[in-house]
Amino acid sequence: MSQAIPSRLAALRQTMRQHGVTACLIPSADPHLSEYLPAHWQARAWLSGFTGSAGILVVTQSHAGLWTDSRYFAQAEKELADSGIGLMKQRVAHTPEHLEWLQQHVGEGEVLAAAGDSLALTTQRQIEHRFIETGARLRTDLDLPGAIWTDRPPLPAALVIEHALRYASVSRADKFTRLRSAMRKLGASHHLISSLDDIAWLTNLRGSDVECNPVFLSHLLVAADGRATLFIGRGKLSDALVAALAADGVLLADYATVTDALGELGANDSLLLDPARVVSAIAAAIPPAVRRIETANPSTSHKARKGEAELDHIREVMRRDGAALVRAFRRLEERLIVGMTQTELDVDTLLREERSAQPDFVGESFATIAGYQANGALPHYRATPESHSTLKPQGLLLVDSGGQYLGGTTDITRVLALGETTPEQRRDATLVMKGLIALSRARFPKGANGPQLDALARAPLWASGMDYGHGTGHGVGFFLNVHEGPQSIRPPVSGGALVALEPGMITSIEPGLYKPGRHGIRHENLAVVVEADLTEFGEFYAFEALTLCPFDRRALEPSLLNPEERAWLDDYHATVRAALSPLLEDADLLWLERHCAPL
């Protein structure tokens, strides 16, 4: 824990007193409500010392609490130690969620401050609705963390590039035409988009303003009459790219002027926006006379359904990525056999070296998770030079990694047996594998959603009285964010949208099991929804596995797999062997064949 955290909290509390503020809410968010944030908007991490991607900090004069989910409990306990900030575990019985806690602790006439540039419009409304009962007041015009953050990093200024049509597959003009058709059906004269993945996809542009996510800071205002304005930092696009955008009806304006443009809309205009993906500070600039149409951005569902050309690129990327992993895992195995000292950091280096050698590789899609033995029980563990483990020729190594390629985004988890394993480890790894196989083999009717399928992956663990705290699957972008909506596979959430799984949607399938202090298991493939059958009961869909890399059968107990599960695993490995063999030779090919042999 940084010694600076208590002094920062003290400075925040002093500023709160100066403004008559009872409580300050600091979410993990930026003006685009991104999952991963530029350093400029990492106020929650700066104030708390907690570095996980998901967390909400609440500070009063007498209390400071950090709300996060089960993926980060162990990490948060370590990083918050002696900071004066308590861990508030989300979705745990008898622990109030942060909005409930605020309702209980901010009373009549008292003020809650939350910076409007990082507060979703939907969250603002939820707070204000709760405060109707208590008489408390929300102020979004105060950025109190920003007032004391004297060395706050500047906005990123990386250049923006074009995602070539040979990869993007659909032209910018065609994407805008489809979007405007959806706008007309909804009766919208204008559409505000603040979500960075939607903007990057629509414009066929990519950037590097956010680590591992090829997006760029911007807002987009689309008019139904054929005009669009991209609000972006000056100098981030080349003259040639500016001209290409103009030819497609996309003009540029300064990033900070989006509120000015919204303020110019009139009573005859109707604005489409997604209140879950627009912050309150920007929504406040919309004149009251403008009719609002509030629904999900049409582009979110458009980009979720990958076309055949995109899927062809992704399948090729999966082959290249799988071959890179085979080379890296083989090298790691051989180093351990000859007694070379290897750490979790070396795993990261090996993966980066092999992926970097692949065609069209751009970078990692997220920070590699290489967790040996007990570290594998931390779902979002990250080895650092200051804190990491040395590998030994025994036990389990969990490796969750991914790459960004011009032709697609990958995300894969494998559990490697580095030597002798325990019966408990093999049993646990096999139960998780049974869940992955069950969901991968699923057939489901048109209209089925992720929460309906989630239990298939958990059932083998439930039967043994075990479970895991994260979702089973997230959508994945096309050379975009590794976590992409609207689809997901997770337990039902009160008030959560039930998004049907449709052909072309890519999702991870990643059940897990975590035993703190002992080991962690997670098996993960990416899969695409495909049409499977047409019966008297309607259309049925299935999953096609996209990820191509062997599972380490040495970590499994084959006797726990039934004949259908064994057949699925053997068939998968036969597919992997056929796809990767042409890309490998010598020791790498022998390694592949050994690990793809039938059970």
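Two strands pair if DSSP finds at least two bridges between them. Strands (E, at least two residues) and helices (H or I, at least four) are DSSP runs numbered from the N terminus. This is a predicted model, in which local features need pLDDT of at least 70, side-chain atom pairs count only at pLDDT 80 or more, and totals for chains, interfaces and linings use all residues. Residues are numbered from 1 along each chain as its sequence is written, and side-chain values use heavy atoms, with hydrogens and water left out.

**View 1. The hairpin of β25 and β26.** Strand β25 (residues 512-515) runs antiparallel to β26 and is joined to β26 by 4 bridges. Leucine 513 has isoleucine 521 of β26 as its bridge partner. Between the two strands of the hairpin lie 3 residues, and glycine 517 in the turn has a positive phi of about 80°. Strand β26 (residues 519-522) is covered on both faces: His519 and Ile521 are buried on one side, Gly520 and Arg522 on the other. Buried means under 20% relative accessible area, exposed over 50%, and partly exposed in between (1.4 Å probe, protein chains only).

**View 2. The open sheet of 6 strands.** The strand order is β12-β11-β10-β8-β13-β14, and the pairing is mixed. At the edges are β12 (250-254) and β14 (291-294), each of which pairs on one side only. From one strand to the next the twist averages 20°.

**View 3. Strand β8 and its two partners.** With β13 (residues 270-273), strand β8 (residues 190-193) pairs in the parallel sense over 2 bridges; histidine 190 stands opposite leucine 271 in β13. With β10, strand β8 runs antiparallel and is joined by 4 bridges; here histidine 191 stands opposite valine 222. Side chains in a regular strand alternate between the two faces of the sheet. Both faces of β8 are covered, with His190 and Leu192 buried on one side and His191 and Ile193 buried on the other.

**View 4. Helices α8 and α9 on the sheet.** Helix α8 (residues 172-186) lies across β8, β10 (218-223), β11 (228-232), β12, β13 and β14, at about 65° to β10. Helix α9 (residues 196-203) packs on the sheet and touches β8, β10 and β11, its direction making about 60° with that of β10. Axes are lines fitted to C-alpha atoms, for helices over the stretch in contact, and angles run from 0 to 180 degrees between N-to-C directions.

**View 5. The contact of α8 with α9.** The two axes come within 7 Å and cross at roughly 120°. The helices α8 and α9 are therefore oblique; angles under 35 degrees count as roughly parallel, over 145 as roughly antiparallel, 65 to 115 as roughly perpendicular and the rest as oblique. Arg172, Lys175, Phe176 and Leu179 in α8 meet Trp201, Leu202 and Thr203 in α9, where contact means heavy atoms within 4.5 Å.

**View 6. Leucine 397 in the largest nonpolar core.** This core has 79 residues, and those with the most contacts inside it are Leu397, Phe444 and Phe543. A nonpolar core is a set of buried Ala, Val, Leu, Ile, Met, Phe, Trp, Tyr and Cys residues joined through side-chain atoms within 4.5 Å. Helix α14 (residues 308-337) supplies the largest share of this core, 10 residues. Leaving aside neighbours within four places in sequence, the contacts of leucine 397 include Leu332, Val347, Tyr372 and Leu416.
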